[in-house]
Amino acid sequence: MIRSLILPASLIALAVPAAAQPPTRIDAANRAALREPTNAGFVNATQVYPYSEGALYRLYAAPGRITDIALQPGEGVTSVAAGDTVRWTVGDTTSGAGETRRTHILVKPFSAGLRTNLVITTDRRAYHVELESRATGAMAALSWSYPQDELIALRRQREAAEAAAPIASGLEIERLNFGYAISGDHPAWRPIRAFDDGRQTFIEFPQSIAVGETPPLFVIGDDGEAQLVNYRVAGRYYVIDRLFAAAELRLGERRQQIVRIVRGTVSRSARRALRQEGCAS
């Protein structure tokens, strides 16, 4: 006797959408990532897209017309791959020289109504371009702006300006007291020196302090208790708006690194040498 297997209708209904879900999700993600040309994005005849990793950039081409894809000056191409190399011509050339040398990827379709994709990898990033050919309305050129690079450049300019700025105004070299002893551990952030002008205390760190975690400052009171003290950062200096007899820089939890700074006295010749070194730096 042959028994027929009857599946519940709910299971059958669930099976079809489950199979269709991955392509649906992929299509939705691609649509969300696609960047189309905009009026505001054109600089003369060049569409300038803001670069974003993982985005797809539309390029409209036409038969008999070449569209120029201009990369960032100084950017070196490692590979160029097109999905359809039979009905699309893809070539490359360069312009400029030295730091202004720029690579151009040139694309041209054989007919209208074609679609494919182009992947360009360089020594800096990867570009994903969606190619579409039409009878008319080809884009002359496209390129990118690089907001992240611009932010990094601005940050470096600000850091350079902060490093070059004086740590405080109105400091009189003859009044500076370099009579501080530094002892304890030897972490990468260990201060180079400490000094004061009779009103404020300055702690100078090595250049490496800019790329690592910075230690908080604790002032040691007369009772031996450590108290966290306020300070401000000026380049690679801590500026404390008070004097102290002893303080500690502490960093870490299990294996805490501690550097102790104690105010004392030094000889006149040693003070003169420290002042000269401080002026030179």
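Does Glu 132 count as buried or exposed, and at what relative accessibility? At 14% relative accessibility, Glu 132 counts as buried; buried means under 20% relative accessible area, exposed over 50%, and partly exposed in between (1.4 Å probe, protein chains only).

The model is predicted: local features need pLDDT of at least 70, side-chain atom pairs count only at pLDDT 80 or more, and totals for chains, interfaces and linings use all residues. Residues are numbered from 1 along each chain as its sequence is written, and side-chain values use heavy atoms, with hydrogens and water left out.

**View A. Salt bridge between Arg 115 and Glu 132.** A salt bridge is a side-chain nitrogen of Lys or Arg within 4 Å of a carboxyl oxygen of Asp or Glu. Here the closest N and O atoms are 3.4 Å apart. Arg 115 lies in strand S9 (residues 115-122) and Glu 132 in strand S10 (residues 126-133), 17 residues apart; strands are DSSP runs (E, at least two residues), numbered from the N terminus. Arg 115 is exposed, at 61% relative accessible area.

**View B. Salt bridge between Glu 36 and Arg 58.** The N to O distance is 3.2 Å. Glu 36 sits in the loop between strand S1 (34-35) and strand S2 (42-43), and Arg 58 in strand S4 (residues 56-61). Glu 36 is partly exposed, with a relative accessible area of 32%, whereas Arg 58 is buried at 11%.

**View C. Salt bridge between Glu 204 and Arg 193.** The closest N and O atoms are 2.4 Å apart. Glu 204 belongs to strand S14 (residues 201-204) and Arg 193 to strand S13 (residues 193-196). Both residues, Glu 204 and Arg 193, are buried.

Methods:
Helices (H or I, at least four residues) and strands (E, at least two) are DSSP runs, numbered from the N terminus.
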